[in-house]
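Here is a brief report on one helix and its setting in the chain. The model is a predicted one.

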Amino acid sequence: MSDNLRPISITLVAEAKQVKRFTLTQWRIAELALSDQGDNVVNLQLSMTERAAYRFNLTSTTPRLFVRAGFSGQTPKPDAITASQDVAAGWMDGEQQVLEAAMPLAIQVWLESYLARHGEAPMEMRKKKRKGAGRAKDTPTQEQP
C-alpha cells in the first residue's frame with residue numbers, strides 16, 4: 001500500500017424527512033471504515049497539490065471527509081472521496097451529490113503524517129505583472145542654486 005492511498009468502506013442510510021406536506025429521502029453517511037470490504041469501497045488518494053486544503057481541514061473544529069455520490073436527484077453511489085473542501089466544492093459545482101462525515105481519527109493521523117513527510121504547501125506569492133511594477137518611481141530632485 002502506498003503512503004498516499006487508503007481504501008475506505010462507506011455505509012449509507014436513507015432518512016425520510018417531512019417538509020411541510022412533502023416527504024423527502026435524505027441520504028447520509030452512517031459509517032466510514034478503513035477497509036477494502038463492503039458494498040461501497042472507494043480509495044482516498046492524497047495529492048501534493050491539495051496540502052494546504054488538507055491542513056485547513058485538519059485545523060477545523062471537526063475535520064471532514066467528502067464523498068462524491070453521483071448526480072443530484074439520483075440514488076447515491078459513492079465513487080470518490082476527498083479530504084479537500086476545494087475538491088468537494090468543484091464536485092458540487094458540477095451538480096454532483098456530495099455527502100460529508102466526520103473524519104475518523106485514524107485518517108487524521110495518516111493525513112498528519114503525510115503532511116509531515118511531504119511538508120506543508122508553500123505560501124502562494126503574488127507575481128508581478130511586469131518588471132519593476134510596484135516599486136516606487138524615482139522622482140526628479142530639485143537642484144539647489
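## Helix H3 and its cover

Ile107, Trp110, Leu111, Tyr114 and Leu115 are the buried residues of H3. They span an arc of only 140° around the axis, which means that they sit on the same side of H3. An α-helix makes a turn every 3.6 residues, so residues three or four places apart point the same way. On the other side of H3, the exposed residues include Leu105, Val109 and Ala116.

What lies over the buried side?

The length of H3 fits a helix. H3 runs over residues 105-118, 14 residues in total, so at 1.5 Å a residue it should span 20 Å. Its end C-alpha atoms are 20 Å apart, which agrees. Gly119 follows H3, and its phi is positive, near 85°.

Now the whole chain. The chain holds 3 helices and 6 strands. From the N terminus, their order is β-β-β-α-β-β-α-β-α. Of the 145 residues, 30% are buried. Take the contacts between residues at least 6 apart in sequence: 65% of them join residues at least 24 apart. The accessible surface of the chain is about 10,600 Å². Carbon and sulfur atoms account for 51% of that surface.

Definitions and conventions:
Residues numbered from 1 in each chain as written. Predicted model: local features only at pLDDT ≥ 70, side-chain atom pairs only at ≥ 80, totals over all residues. Heavy atoms only, no water. Helix = DSSP H or I, 4+ residues; strand = E, 2+ residues; numbered from the N terminus. Expected span 1.5 Å × (residues − 1). Buried < 20%, exposed > 50% of the residue type's maximum accessible area, 1.4 Å probe, protein only. Arc of directions from axis to C-beta. Contact = heavy atoms within 4.5 Å. Areas by Shrake-Rupley, 256 points an atom, 1.4 Å probe, with all protein chains shown as cover.
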